[in-house]
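I opened this entry to log what I looked up, one topic at a time.

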Amino acid sequence: MAAMSLEELSEKIRKIDFCMLSTREAGDGISTRPMSNNGDVEYDGDSWFFSFEDTRKVAAIGSDPRVSLSLSAPPSLLGKPGIFVAIDGRASIIRDKATFEEHWVAELERWFPQGTKTPGLVLIKVHAGRIEYWDGEDNEVVTVS
């Protein structure tokens, strides 16, 4: 079978709500925590996550923007294996309120009750450089520019 295109892979990632975000922390090695992408994955390889600014992950990204995302989806009801995705990329911290509005979804109010006006809110953008996936049939690498 042919490798999935970035658009096809983004469509699969969009359906996976939670992923694990790994950052490199000075002196502490790698730290990993769950994040919700709320389906906000663009065809160009970008994933978006809201966070409070005063967190270890934001500090770690400020020191070293190299991050990894790990995602998995369960098997289908028809028995087709799920998909596992590993993304290596670079993160940036966005503080622009207009950009917040572009990526906001109502479900985020569970964590940020004041919406995009929540004090200390930032947006983490992860731009994928390399994506590897396994879907029970194929194991491929997609390089993103």
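This is a predicted model: local features need pLDDT of at least 70, side-chain atom pairs count only at pLDDT 80 or more; totals for chains, interfaces and linings use all residues.

**Entry 1, strand pairing.** I started at β4 and β5. β5 covers residues 84-94, and seven bridges join this strand to β4 in an antiparallel arrangement.

Next I went to β1. Strand β1 takes in residues 18-25 and strand β4 residues 66-72; the two run antiparallel, with four bridges. Across this pairing, I found Met 20 opposite Ser 70 in β4. So β4 is joined to β1 and also to β5, because each pairing has at least two bridges.

Then I checked β6 and β7. β6 spans residues 121-134, β7 spans residues 139-143, and five bridges join them antiparallel. Glu 132 faces Val 141 in β7. What lies between the two strands of this hairpin? I noted four residues between β6 and β7. In the turn, Gly 136 has a positive phi of about 85°.

Ser 36 sits in strand β2. Is Ser 36 buried or exposed? Its relative accessible area is 11%. The cut-off for buried is under 20%, so Ser 36 counts as buried.

I then listed what surrounds Ser 36. Setting aside neighbours within four places in sequence, I found Asp 17, Phe 18, Trp 48 and Phe 49 in contact with Ser 36. With Asp 17 there is also a polar contact, side chain to side chain, at 2.5 Å.

The largest pocket holds about 240 Å³ of space. It is lined by 13 residues; Lys 12, Ala 73, Pro 74, Gly 82 and Ile 83 are the closest to its centre. By class I logged seven nonpolar, two polar and four charged residues in that lining.

The second largest pocket has about 210 Å³ of space. Which residues of its lining lie nearest its centre? I wrote down Pro 34, Met 35, Phe 50, Trp 111 and Phe 112, out of 13 lining residues. β2 (29-36) and β3 (46-52) are the elements that give two or more residues to this lining. The classes here are eight nonpolar, four polar and one charged.

How values were computed:
Residues are numbered from 1 along each chain as its sequence is written. Side-chain values use heavy atoms; hydrogens and water are left out. On a 1 Å grid over the protein atoms alone, a cavity is a set of points where a 1.4 Å probe fits but cannot get out, and a pocket is an open set with protein on both sides within 12 Å along at least five of seven lines; lining residues have an atom within 4 Å of a point. Grid points are joined across faces, edges and corners, and a volume is the space filled by probe spheres set on the points. Ala, Val, Leu, Ile, Met, Phe, Trp, Tyr, Cys and Pro count as nonpolar, Asp, Glu, Lys and Arg as charged, and the others, Gly among them, as polar. Buried means under 20% relative accessible area, exposed over 50%, partly exposed in between (1.4 Å probe, protein chains only). A polar contact is a pair of N or O atoms within 3.5 Å; within protein, one must be able to donate a hydrogen and the other to accept it, and residues adjacent in sequence count only if both atoms are side-chain atoms. Contact means heavy atoms within 4.5 Å.
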